[in-house]
Amino acid sequence: MKPWTPSVPLYPHFDAKIPPAEAERIVKDPQLVATHKFFPFLKYDERWTMFAQKGSRGKSKQRPIRFAARLDSCIFSYYRHQLSEPYEQQLKAADLGTSIIAYRRIPKADGKGGQSNIDFALSAFEAVQRLGNCCAVALDISSFFENLDHAQLQSVWAGLIGQTRLPPDHYKVFQAITRYAFADVKKVYERLGYFGDKEDRHGKVRKGYLRSRQQIPTQLCTGKTFREKIAGEGPLASIIEVNKTDKGVPQGAPLSDLLANAYLLKFDKFVQELCTGFGGTYYRYSDDILIVAPISASDALGLEADIRKVISTHGGGLIIKEEKSAVHQFHTDGARQRVTVVKATDKDGKPAWSKPFEYLGFRYDGRSAFIRDKTMSNLHRKIASICRATAIRLTKRYQGKCTDEIMDMADFERLFQSFGSVQDFHEKSDDYRSWTFTTYAKRAAKTMGPLGTPIGAQLKGLRRAIEDRLRKELSRVGA
């Protein structure tokens, strides 16, 4: 394992910038960590709309993301590093190294870089192809990070470092990641004058940023201002909240992902042994569980029910909802492999007999792999949003020009390249920030080889779709 080096974040937060050398000095001193005062996390909600068939409305979902102050983040990162090696050793001993695939760097077969969700999806599809007649059982753990039991988590942590109880520095970090404090980022920005009421271009008053993102300082405020305007030591009430429950860790903290994985070690061992017994393969990507096994449909349904029950024994506080589980059966018909739905539900909990087999952003129909419909839907939703904002900006810049004139003057290539990385792909791609959707899709098609041939067809017409959408939005804003 590589030695730990500090990576000091530069995003806006409550604490001042700190040189990496100073951060390293502090985080490696157990006494300083044991007495360290952690700032509240800043919290925002990641929102998205679930895919829905044409004519119906997708369900809105949100996931709370919390990010730590600079030095706090370094501390979490360093203690994650300390726990990583013993956790990896336990995975290796249990032959789980290729089964637990989220939040870990798993080298590619050629040793060139780490695997991504593309590689993991391909591995699962190849397992289905290899077995021929088999079933794929997919399960989903509900609110994974939010439901980790603190007492069990503390025991797991102590076990990783070979102790019966946590040393003072480890216990301090444990408290900071379990009984964590946080403040909503927009409420903080509003208290500090960076966010508030402003007039839009139609003269209506709406909430918005009063400064550009670039003008918001790296250290949001002084310690005195923090105490008076955020922590409630002045005339304003505190906007800091504290997790006073006995469960949950903040998603987004550098340590939370490893703790979530380690929490399920006994569960992972149980399911792995179960799968090995009937010649199956087990995969867990965070809260997404997939088992591919040469068993009948009735046995697959029994397996799915057994796993839902056993998580309460080996993963205290966690639940796998039956309505979120799916079972697909694959059977070989000559040279072709066909898939049928054994069990699946739609967003209303009703049977969905046409629900496709999907895994980590891809759909597999027994012959070929595709980028899943939800991802394509999200892409076109993003195209509409960016084109709308671009149209507003261009009409202001080229006042008095018609749509055709603006289209001729617009930097379309820049617009085309603005469709950034696919959601969740960053968890396994070191250079994800430079990946556009097109780059991602082409990489997927190349990695999957003949299996991913249809992915190229899914990209066909993308440039034209973006151009048509921009023209439509320009007309809509009156160009």
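**Sheets, helices and loops of a predicted model**

S286 lies in the loop between β8 and β9. The model is predicted, and S286 is buried in this model, with a relative accessible area of 6%. The phi of S286 is positive, at about 60 degrees, although S286 is not a glycine. Most residues other than glycine have a negative phi.

Confidence comes next. The pLDDT averages 90 over the chain. A score of at least 70 is reached by 93% of the residues. Over residues 421–434, the pLDDT is below 50. This stretch still has 30 contacts in the model beyond near neighbours in sequence. Where pLDDT is low, the predicted coordinates should not be read in detail.

V137 has I291 of β9 as its bridge partner.

The loop between β3 (134–140) and α5 (150–160) holds S142. S143 has its place in this loop too. S142 is buried, with a relative accessible area of 9%. Leaving aside residues up to four places away in sequence, S142 touches N147, I319 and K321. S143 is partly exposed, with a relative accessible area of 44%. The phi of S143 is near 45 degrees, a positive value in a residue other than glycine.

A second sheet is built from three strands. It is open, with the order β12-β13-β14 and antiparallel pairing. β12 (357–359) and β14 (369–371) are its edge strands, and each pairs on one side only. From one strand to the next, the twist averages 35 degrees. β12 is joined to β13 (residues 362–364) by three bridges, and these strands run antiparallel. F357 stands opposite Y364 in β13.

Among the helices, α9 (residues 256–263) is mostly covered. Eight of its eight residues are buried. They are S256, D257, L258, L259, A260, N261, A262 and Y263. The cover of these buried residues includes helices α3 (70–93), α5, α6 (168–178), α10 (265–277) and α11 (297–314). Strand β8 (281–285) is also part of that cover.

Helices α4 (residues 117–131) and α15 (residues 437–448) form a crossing pair. Their axes come within 10 Å and cross at roughly 35 degrees. The crossing is right-handed. On the α4 side, the contact is made by N117, I118, D119, A121, L122 and F125. On the α15 side, Y440, R443, A444, T447 and M448 take part. The residues of this contact divide into seven nonpolar, two polar and two charged.

How values were computed: Residues are numbered from 1 along each chain as its sequence is written. This is a predicted model: local features need pLDDT of at least 70, side-chain atom pairs count only at pLDDT 80 or more; totals for chains, interfaces and linings use all residues. Side-chain values use heavy atoms; hydrogens and water are left out. pLDDT is the predictor's confidence in each residue, from 0 to 100. Contact means heavy atoms within 4.5 Å. Helices (H or I, at least four residues) and strands (E, at least two) are DSSP runs, numbered from the N terminus. Buried means under 20% relative accessible area, exposed over 50%, partly exposed in between (1.4 Å probe, protein chains only). Two strands pair if DSSP finds at least two bridges between them. Axes are lines fitted to C-alpha atoms, for helices over the stretch in contact, and angles run from 0 to 180 degrees between N-to-C directions. A crossing is left-handed if the near helix is turned anticlockwise from the far one by less than a right angle, and right-handed if clockwise. Ala, Val, Leu, Ile, Met, Phe, Trp, Tyr, Cys and Pro count as nonpolar, Asp, Glu, Lys and Arg as charged, and the others, Gly among them, as polar.
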